[in-house]
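Let's take a friendly walk through a protein model, one piece at a time. Keep the picture open beside you as you read.

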Amino acid sequence: MSHSSALRRLAVMTCVWLGLVVSARAAERVDVVVYGATPGGIAAAVNAAREGATVALVQEDGHIGGLTAGGLSNPDFQSFEALGGTWREFMHRVEQYYVRAHGAGSQQVIDSVRGAYSEPRVARRVFEEMLAGEKRITTYLHHRLASAKTVDAANGRKRLTAATFTNLKTQQSLVVEATVFIDGTYEGDLLAAAGAKHRVGCESKAEYGESLAPAEANGHSMTYNFRVCLTTDRANFVPIPKPATYRREDFAPLIGLIKAGKIKGLKAPGPRPAIFKVRPIPNQKADWNDEAASPISLSLENVNHPWPEGSPEVRERIFNVYKDHSLGLFWFLANDPEVPEAYRAEMSRWGLPKDEYVDTGHWSPALYVREGRRLVGEYVFTEKDTQPAPGSVRAPVQTDGVAIGDYIISSHGTSSPSFGVTLGHIGKSIRPYQIPYGVLLPKDVDGLLVPVAASSSHVGFSALRMEPSWTNMGQAAGVAAAIAVKQGKAVRDVPVPAVQERLWDLGAMTVYVSDLTPRVTVTKPGWDKPGSFDVALHPWPVTSEWFKAAQYFGTRGFFRDLVDPTTPAKPRGGTTGQWGGAYPQHEVGVGVPIDEALAARWAKLAGVEPTPDLKADGQLTRGEFLNRLYALVHRRPPQN
């Protein structure tokens, strides 16, 4: 890096920390450009940099961390056993922040639940620390995408070669050339500018044969709302303001619904239907979310549909509609004399935290954009990819899997024909599933990866659209981009096994195995070392000597028929909030002695002749067998 480049990078990062603006000329060419500082975009940037690539991370506004630093403090996953890679590093850093700030046995550490719950300001700080720790990343805030440049490539495709960004403070243009571009935005803004095929809205039931899809296709996206951080700490308290656009008649129907017993409480957990879903987070704060079962909550149907492809002015208007609706609803519940006293008293306890979003009036800069554009890529992820494969308890095998997901298929509705009626609501439990590399790849544009607005149907996206999953896909995109740069290949030609092997080295998962977790370095204090964990703070196992072998063979389908699908599953066990125990029937049984039939079947699937080391003698466990098999497979020369 030249002296001038180093000085410019230092200036940019200084402005990031100070919340200032960078007035920059055209940047030098970099290996990778990431547009969108969401968790998925940050994971892509951090992992590409750690693999040796130079990275420009560009963000339209001044906000780092997307929804996770914007109020979504109750992330969506089902079991801690599904968490690995960059998301797990983020959680660990959150937990260690509370340890440093308040002590290992503090209530804040307990309330963070292994680092899964965090205050928005803490989440942002952690993301900023992750970025600042990678000297190959240059971050540009307040830079909006203006255009993308493509050239003709092979097979009728285009290749993305450069992007132009406008500095919103100085109106200067910044042109960045790169080998690989990664769209980390929720809306899919970069993929659209590059001309990649995409869609907005819902497919018909017939298009992909999805039971949860609507009868007819439409242009509706999932409803949006704000994830609102509120506090009861009077020392850190700003009273909720009455918005200038407030109209009592917008909220008055709640009074009749409460009196009629159709609303049973202010907050869930608790009697339902409630008006809000509320989860406590550290330091007397809570994450207030839309309650899908309520006729009136934080969401508004029929408002957000123009957002995905809307101009900045359109998006600003929609943002303000949701903000005023949220503030108006809170103010109504705390102040209207016809609201029952119990509701008013409880709502009045809550205010905006002084220490959150200090540069945006204590209100989140991140609207909960549940769905924007969706790429139409080399593989379209649909409902069937989340369902048990024939003859298996597991979802279909994706041999090119580069990430996993573990939540429900969830849509808070897409439209409303009349008051209290919501169409398009989905809430269906599913098994953990694999995410194939093809969902990141446009069909028609080279040099671009899309880990957030990924290739999927509306129903499939209703499963993928969770921050841990997006972060998993972002990590895979960053690793793949760096490999493409090193090998001089297009991202579509990167060998997926090489991406998978590197992801496993980093503790990321490509298949869900409930009785194995990534092997990680154990250090003390360890908070500032990526991938390192403190044993004393983690109830789950932090090492597994069989992890990599199990990921290798599991991703190739070795475990698809390990359990008879007619066998009743045991309950998942205890829960923390919405999180439960390990998903049943997805363990390998690494400590169980392997029998002859299974040993023979696994050796055959691996294409390995039985050896004395692979003999089922009543002592050899499944885990050790997989390790020996993995060593044999890797000793063989690669097959051309």
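Helices (DSSP runs of H or I, at least four residues) and strands (DSSP runs of E, at least two) are numbered from the N terminus. The expected span of a helix is 1.5 Å times one less than its number of residues. This is a predicted model, where local features need pLDDT of at least 70 and side-chain atom pairs count only at pLDDT 80 or more, while totals for chains, interfaces and linings use all residues. Residues are numbered from 1 along each chain as its sequence is written, and side-chain values use heavy atoms, leaving out hydrogens and water.

Start with helix H3, residues 85–102. Its 18 residues reach 26 Å from the first C-alpha to the last, close to the 26 Å expected. Of these 18 residues, 15 are buried, meaning under 20% relative accessible area with a 1.4 Å probe, protein chains only (exposed is over 50%, partly exposed in between). After H3 comes Gly103, with a positive phi near 105°.

Next, find strand E3, residues 137–140. Ile137 and Thr139 on one side are buried, and so are Thr138 and Tyr140 on the other. E3 pairs with strand E2 (residues 55–58) in the parallel sense over four bridges; two strands pair if DSSP finds at least two bridges between them. Thr138 in E3 is the bridge partner of Ala56.

Finally, look at Gly188, in the loop between strand E6 (173–183) and helix H6 (189–193). Gly188 counts as buried because its relative accessibility is 0%. Gly188 and Tyr35 are 153 residues apart in sequence, yet 9.5 Å apart in space, C-alpha to C-alpha.
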